[in-house]
Amino acid sequence: MSKAKYHFNPKTLSYERIKVSTWQKVKKVLLHVLSSFSLGVCFFFIFAFFISSPYEKRLREENKRLSSQYKLLDKRLDEVQGVLEDLRQRDDNIYRVILGGQPISSSVRKGDYVSSRYEYLDDLSNADLVKTATKRVDEVRRMTYAQSRSYDEVIELSKNNKERLEHIPAIQPVFNKDLKYMASGYGRRVDPVYHTLKFHAGMDFAAPTGTKIFATGDGKVTLAEWKQGYGKCVVISHGYGYETLYAHMNDFNVRAGQEVRRGDVIGFVGSTGKSTGSHLHYEVHVNGSPVNPQNYYYADLSPEEYDKMLQLTENNAKVFD
Ligand SMILES: [Zn+2]
């Protein structure tokens, strides 16, 4: 029971009891409740936003570590995709072309992108990071699967293409296992005589005079004579649209009309015609147009040697013509 309150009335010179209505009592209680409630809310927000618990601190640290880990994963995926892209290029542009297969479309290799497939990740705090990585892992998985299926098909094609494979150029035209004769590659190069940029339609092997030159595939010699600019020159027709040309020879070892097998000696390295030093200029033509010969050494170079050759011919700008 609450104590009664009095106040002194100077007119009557007596104490009079103060009457407190029920509504006033209720108001007082409500005021108390309201002020404690707002104070509580204030404290809650202060604690929630400015002061974190050890558990929250740990979570925040973990979150930071996870997002940097995802960024690292993204970089690694770049590397994996680079390697897969390299495999795809060789598969589509070399193996399948040589064996008469069709390149595989990119939608089959990578699959079609369906954005709704990753919607379930949307409510994560680092949704973009996680979505990108998940999407790329899926892509890599599909690319790997398509690549392995393609190799199965390439093996089948090669079993049925023995004749074709014997004819298409597949080795280096000089013995060059350690690649020490690699001089310059196919593409735009500075002309050694005129010093202007010119298209170099073949590959140069800087070998000593007298080095043996081999036929790079089975075929028929269609030309073995002096050719303007090329000096002593041999052309072999391999069938299936393929032709190879060997220039600046010192001597011939075949005559026009002769059938040759891959590895037969057709002549010897020299410096005849427009040439600045002893070397072999070698060209591969497909359906009448020159192509980059670097894709036609697959019977003779391991993938590591192939990569080394690409570096050598890319960095070595010296052309003998
Ligand atoms: Zn050349």
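Axes here are lines fitted to C-alpha atoms, for helices over the stretch in contact, and angles run from 0 to 180 degrees between N-to-C directions. The structure is a predicted model, in which local features need pLDDT of at least 70 and side-chain atom pairs count only at pLDDT 80 or more, while totals for chains, interfaces and linings use all residues. Residues are numbered from 1 along each chain as its sequence is written, and side-chain values use heavy atoms, with hydrogens and water left out.

**Domains**

The protein chain is assigned domain 1 (6–50), domain 2 (74–160) and domain 3 (182–315); such bounds come from an automatic or database domain assignment. Taken over C-alpha atoms, the centres of domain 1 and domain 3 are 105 Å apart.

**The helix pair α2 and α4**

Helices (H or I, at least four residues) and strands (E, at least two) are DSSP runs, numbered from the N terminus. Helix α4 covers residues 127–159 and packs against α2 at an angle of about 25 degrees, the axes being 10 Å apart. The two helices α2 and α4 are therefore roughly parallel to each other. Their crossing is left-handed, a term for a near helix turned anticlockwise from the far one by less than a right angle, clockwise being right-handed. The contact of α2 with α4 comprises 15 nonpolar, 6 polar and 10 charged residues. In this division, Ala, Val, Leu, Ile, Met, Phe, Trp, Tyr, Cys and Pro are nonpolar, Asp, Glu, Lys and Arg are charged, and the others, Gly among them, are polar.

**Nonpolar cores**

A nonpolar core is a set of buried Ala, Val, Leu, Ile, Met, Phe, Trp, Tyr and Cys residues joined through side-chain atoms within 4.5 Å. The largest has 31 residues, of which Phe 205, Val 234, Tyr 246 and Ile 266 touch the most other members. Elements giving two or more residues to this core include α2 (54–98), β10 (242–252) and α6 (303–315). A second, separate core has 5 residues, among them Leu 223, Cys 233, Val 235 and Leu 245.

**Individual residues**

Buried means under 20% relative accessible area, exposed over 50%, and partly exposed in between (1.4 Å probe, protein chains only).

| Residue | Relative accessibility | Class |
|---|---|---|
| Leu 179 | 4% | buried |
| His 195 | 60% | exposed |
| Asp 152 | 46% | partly exposed |
| Gly 241 | 33% | partly exposed |

Most residues other than glycine have a negative phi. Leu 179, in the loop between α5 (162–167) and β3 (182–184), has a positive phi of about 65 degrees. His 195, in the loop between β4 (187–190) and β5 (197–200), has a positive phi near 55 degrees.

Asp 152 belongs to helix α4; from Asp 152 to Ser 237 there are 85 residues in sequence and 30 Å in space, C-alpha to C-alpha. Gly 241 lies in the loop between β9 and β10, and its C-alpha is 7.9 Å from that of His 285, with the two residues 44 apart in sequence.

Methods:
Parallel < 35°, antiparallel > 145°, perpendicular 65-115°, else oblique.
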